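I opened a notebook for this structure and wrote down what I looked up, in order.

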Amino acid sequence: MLVYPSGVDVSSSALRFLSAKLRQRRREHGTRWRRLSAGRQGLLTLVHLRNGHPYAQLAAGFGIGTTTAYRYVTEAVDILAALAPTLADAVRTASMKAFVLLDGTLLPIDRIAADRPFYSGKHKRHGMNVQVLTDPFGRLLWASPALPGAFHDIRAAREHGIIDALAQADIPCWADKGYRGAGGTVRIPCWGRWESLSAGQQAVNRSHAKIRALVEQAMATLKNWRLLRKLRCSTTRITALVQAVLTLHLASSDR
């Protein structure tokens, strides 16, 4: 396999953060020697998450075995995932905001037609449903564990306890029509076809759409990590990958 120098468009603060966590892990476990330093292991993980390169290519580029590359990436992802904010953490942060934005996204996966639990009728493809909470400016606060794509947004939000948590904290939440019937503090546009709505309802929906538009910024933040654009791993690993990306994003944003 040919090897060539390349670059990755990730903040150096993300690499420093991950490298520090890996060094801490090695001290705690008394690790004396590894094929890669903590910094190189961190870089290996960032390249995998950001560019979505398979382990064979990563192994060739870093001069290690494919199994070693998989093990190093898995270790780093699990460390990052454990540091991701919980829903309770996000609600505490959101309580200091005027409101939050709630939306769901489908992360495509490589499944066949027989895997019906992962098929999203809305998106007409197989994937995993992830719910996202952002602040009023579209900045990520929290990303949920991944559920099979057959889950509708309202069902996924209830499954994670998002609606009840926001209601208990009395935090206003803007969402789209996919959350119809959520209740609590969740606000959705007026229901019905555009031409059947009154002038006042149309004005409300236009205002609602302008507020919600910023949630697309959060979705773009997730999809900028190219691994999440087409996941080819076990579905049991997807939650850890999403949480790892969230941790890296928040760590870079705080610096």
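Is Phe137 buried or exposed? I found Phe137 exposed, because its relative accessible area is 53%; buried means under 20% relative accessible area, exposed over 50%, and partly exposed in between, with a 1.4 Å probe and protein chains only.

Before going on I noted that this is a predicted model, in which local features need pLDDT of at least 70, side-chain atom pairs count only at pLDDT 80 or more, and totals for chains, interfaces and linings use all residues. Residues are numbered from 1 along each chain as its sequence is written, and side-chain values use heavy atoms, with hydrogens and water left out.

Entry on Phe137. I located Phe137 in the loop between strand E3 (125–134) and strand E4 (140–143). Strands (E, at least two residues) and helices (H or I, at least four) are DSSP runs, numbered from the N terminus. Setting aside neighbours within four places in sequence, I listed Leu214 and Gln217 as the contacts of Phe137; contact means heavy atoms within 4.5 Å. Leu214 is 77 residues from Phe137 in sequence, and their C-alpha atoms are 6.2 Å apart.

Entry on phi. I reminded myself that most residues other than glycine have a negative phi. Lys124 has a positive phi, near 60 degrees. I placed Lys124 in the loop between strand E2 (119–120) and E3, and Lys124 counts as exposed because its relative accessibility is 61%. Asp170 also has a positive phi, near 55 degrees. Asp170 sits in the loop between helix H7 (162–168) and strand E6 (173–174). With a relative accessible area of 59%, Asp170 is exposed.

Entry on the record. I looked up UniProt, where an unreviewed entry lists residues 35–84 as "domain: Transposase Helix-turn-helix"; such annotations may be inferred rather than shown by experiment. Over residues 35–84 I read 78% helix and 0% strand, with the end C-alpha atoms 27 Å apart.

Entry on the whole chain. I counted 10 helices and 7 strands. The C-alpha trace spans about 70 × 45 × 30 Å along its principal axes. Buried residues make up 47% of the 255 residues. Of the contacts between residues at least 6 apart in sequence, 62% join residues at least 24 apart.

Last, I noted the charges. The chain has 36 positive and 17 negative charges, and their mean positions are 6 Å apart. Lys and Arg count as positive and Asp and Glu as negative, without His and the chain ends; each charge is placed at NZ of Lys, CZ of Arg, CG of Asp or CD of Glu.
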